[in-house]
Structure formats: structure tokens, C-alpha cells
Amino acid sequence: MRACAIPSSFCSLATIIDGLFSGLGLIPTGPRPSRGDIFGTIAVNYKLFLNILGLAIFAVFLWLTAQRGVTDPVCGMKVDKAKAIRKEIAGQTLYFCSEHCAHKAAANHGVILTSAG
Ligand SMILES: [Zn+2]
């Protein structure tokens, strides 16, 4: 147990976690691992290139999702902008996953939506 110099709520949480890990004997002792222990297994081989390729593919899909996706303000679901239900509410264009969410948002703004649109 160490004294804390951070806000009390974080400190008490840290103390609880410290106590829990100490109780379970999960706090490692002995010398800290060296840089070589951690990074020694990284080598320039086919696995490194596959990992970089995988990361690049992941980044592309993440970027595509960010480009095409919008968040439904009612349920928080990510929806495809092209397939989403689009409504003008209080001068703002909003995208919804379903008519249900669109009507819920409109009701919150005191707007009654017509089925067209
Ligand atoms: Zn929704």
C-alpha cells in the first residue's frame, strides 16, 4: 500500500485494486523485464509484414465506417448514411435506424412527422 497524491476517488479505487491484487498474489515481484525481454521477439519476417498488412486493412475499414456511418441520436446505433432514415428536425438533418427512432426524436422536439420523407 502506497500513499496517493491523486484525487481521493481515484485513490480509493486504486487502493481497492491494489488490495485485491495483493490478496490474490498477482503483483509481480523480482526484477523488471528488460527491453530485450519485451521487444526481443519482434523480427523482420513475414509475420511482421502480415501484421502491418492486417493493421492497414483494419485502418481502411475503420476509415470507411467513419466516412459512411452516422450515429442515430436516439438509440446510439451506427447506421449507413445511404440506408438511414433522414429527417429534418429543428433545422438539423438527423439520421435514424428506424421510423420508431425518428418519431421518438421528433416527439422530443415537439414535431409531428408525416410519413413522406
Ligand atoms: Zn435507432
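**Notebook: a nonpolar core and the elements around it**

pLDDT is the predictor's confidence in each residue, from 0 to 100. Helices (H or I, at least four residues) and strands (E, at least two) are DSSP runs, numbered from the N terminus. The model is predicted, so I noted its limits: local features need pLDDT of at least 70, side-chain atom pairs count only at pLDDT 80 or more, and totals for chains, interfaces and linings use all residues. Residues are numbered from 1 along each chain as its sequence is written. The protein chain averages a pLDDT of 85, and 89% of the residues score at least 70.

**Core.** Next I looked up the largest nonpolar core. It has eight residues: Ala-84, Leu-94, Tyr-95, Phe-96, Cys-97, Cys-101, Ala-102 and Ala-105. Such a core is a set of buried Ala, Val, Leu, Ile, Met, Phe, Trp, Tyr and Cys residues joined through C-beta atoms within 7 Å. Buried means 20 or more other C-beta atoms within 10 Å of the residue's own, exposed 12 or fewer, partly exposed in between, with C-beta atoms placed from the backbone. β4 (92-96) and α4 (99-108) are the elements that give two or more residues to this core.

**Phe-96.** I found Phe-96 in strand β4. Phe-96 counts as buried because it has 25 C-beta neighbours inside 10 Å. Contact here means C-beta atoms, placed from the backbone, within 7 Å. The C-alpha atoms of Phe-96 and Val-70 are 8.5 Å apart, with the two residues 26 apart along the chain.

I then followed β4 to its partner. β3 (residues 85-89) and β4 pair in the antiparallel sense over five bridges; pairing takes at least two DSSP bridges between two strands. Arg-86 has Tyr-95 as its bridge partner in β4. Two residues lie between the strands of this hairpin, and Ala-90 in the turn has a positive phi of about 50°.

**Helix α4.** Last, I checked both sides of α4. Its buried residues are Cys-101, Ala-102 and Ala-105. They sit on the same side of α4 because they cover an arc of only 100° around the axis, taken from the directions from the helix axis to the C-beta atoms. β3 and β4 are among what covers them. Glu-99, His-100 and Ala-107 are exposed on the other side. Just after α4, Gly-110 takes a positive phi of about 70°.

Technical notes
Two residues are in contact if their C-beta atoms, placed from the backbone, lie within 7 Å.
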